[in-house]
Amino acid sequence: MPVRSTGPTRAELITDTAIDLLAERGMRGLTHRAVDEAAGLPQGSTSNHARTRLALLEAAVRRLAEREAQVLAIHEMPDPRGGRDALVEALSLAVHRSLTGHRELVVARYELALEATRRPELRAFYDAQGQLFRDALTTMLTAVGSPSPARHVRSLVAWFDGLMFACVAGSYHAEVPSLDEVREGLRELLEGMLGG
């Protein structure tokens with residue numbers, strides 16, 4: 001029986017390399033040729049996987065969503081009936097994990113978000129991927145008693161995005177908060193939205 005490789009597929013290698021290039025070099029540094037070179041693939045490999053720049057960007061968005069879902073561990077989120085404490089704990093761990101071990105994913109996401117503001121065809125694709133996370137948050141906030149889940153999800157996402165931007169690319173880039181600080185900030189936010 002042939003042994004299956006446990007390494008990334010060629011498609012994953014291409015998209016992971018694209019994400020790394022976005023984080024390291026920005027949008028201008030992401031080209032089909034640069035992906036081939038950085039991934040150690042024969043020239044033309046990335047073009048065979050994603051013919052156009054838009055196709056490459058969409059593939060990167062899709063792969064980024066997969067990788068962020070693994071980091072955020074959406075599939076491990078507590079049963080919403082576990083209450084606010086379980087929700088605070090799970091979300092705090094997810095955010096802290098992003099800030100301390102996966103900063104390149106955060107930077108790549110912001111690069112793609114900015115590009116999506118200039119490309120309506122990418123915007124729709126980017127937003128559809130983000131909707132999966134927002135849907136999960138809506139379910140959790142509804143279960144813990146939010147009287148206005150859609151509005152509260154918007155506030156929560158804004159808090160996450162603001163914290164991650166500030167700590168990865170903004171004025172707090174050298175001061176990543178501790179897990180306890182993230183937990184306390186999130187608890188305060190939820191108490192303000194849902195009541196103490």
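Of the 196 residues in the protein chain, 43% are buried, meaning under 20% relative accessible area with a 1.4 Å probe, protein chains only. This is a predicted model, in which local features need pLDDT of at least 70, side-chain atom pairs count only at pLDDT 80 or more, and totals for chains, interfaces and linings use all residues. Residues are numbered from 1 along each chain as its sequence is written, and side-chain values use heavy atoms, with hydrogens and water left out.

The fold has 9 helices and 0 strands. Helices are DSSP runs of H or I with at least four residues, strands are runs of E with at least two, and numbering starts at the N terminus. The C-alpha trace spans about 60 × 50 × 30 Å along its principal axes. Contacts are heavy atoms within 4.5 Å. Of those with a separation of 6 or more, 68% join residues 24 or more positions apart.

The accessible surface is about 10,500 Å², and carbon and sulfur atoms hold 53% of it. That area comes from the Shrake-Rupley method with a 1.4 Å probe.

The largest pocket holds about 650 Å³ of space. Its lining has 30 residues; Glu68, Arg109, Gln129, Gly130 and Phe133 lie nearest the centre. A pocket is an open set of points on a 1 Å grid where a 1.4 Å probe fits, with protein on both sides within 12 Å along at least five of seven lines; lining residues have an atom within 4 Å of a point. The helices below each supply at least two lining residues.

| Helix | Residues |
|---|---|
| α4 | 53-72 |
| α5 | 84-101 |
| α6 | 103-116 |
| α7 | 120-143 |
| α8 | 149-168 |

Technical notes. Buried < 20%, exposed > 50% of the residue type's maximum accessible area, 1.4 Å probe, protein only. Points joined across faces, edges and corners; volume = space filled by probe spheres on them.
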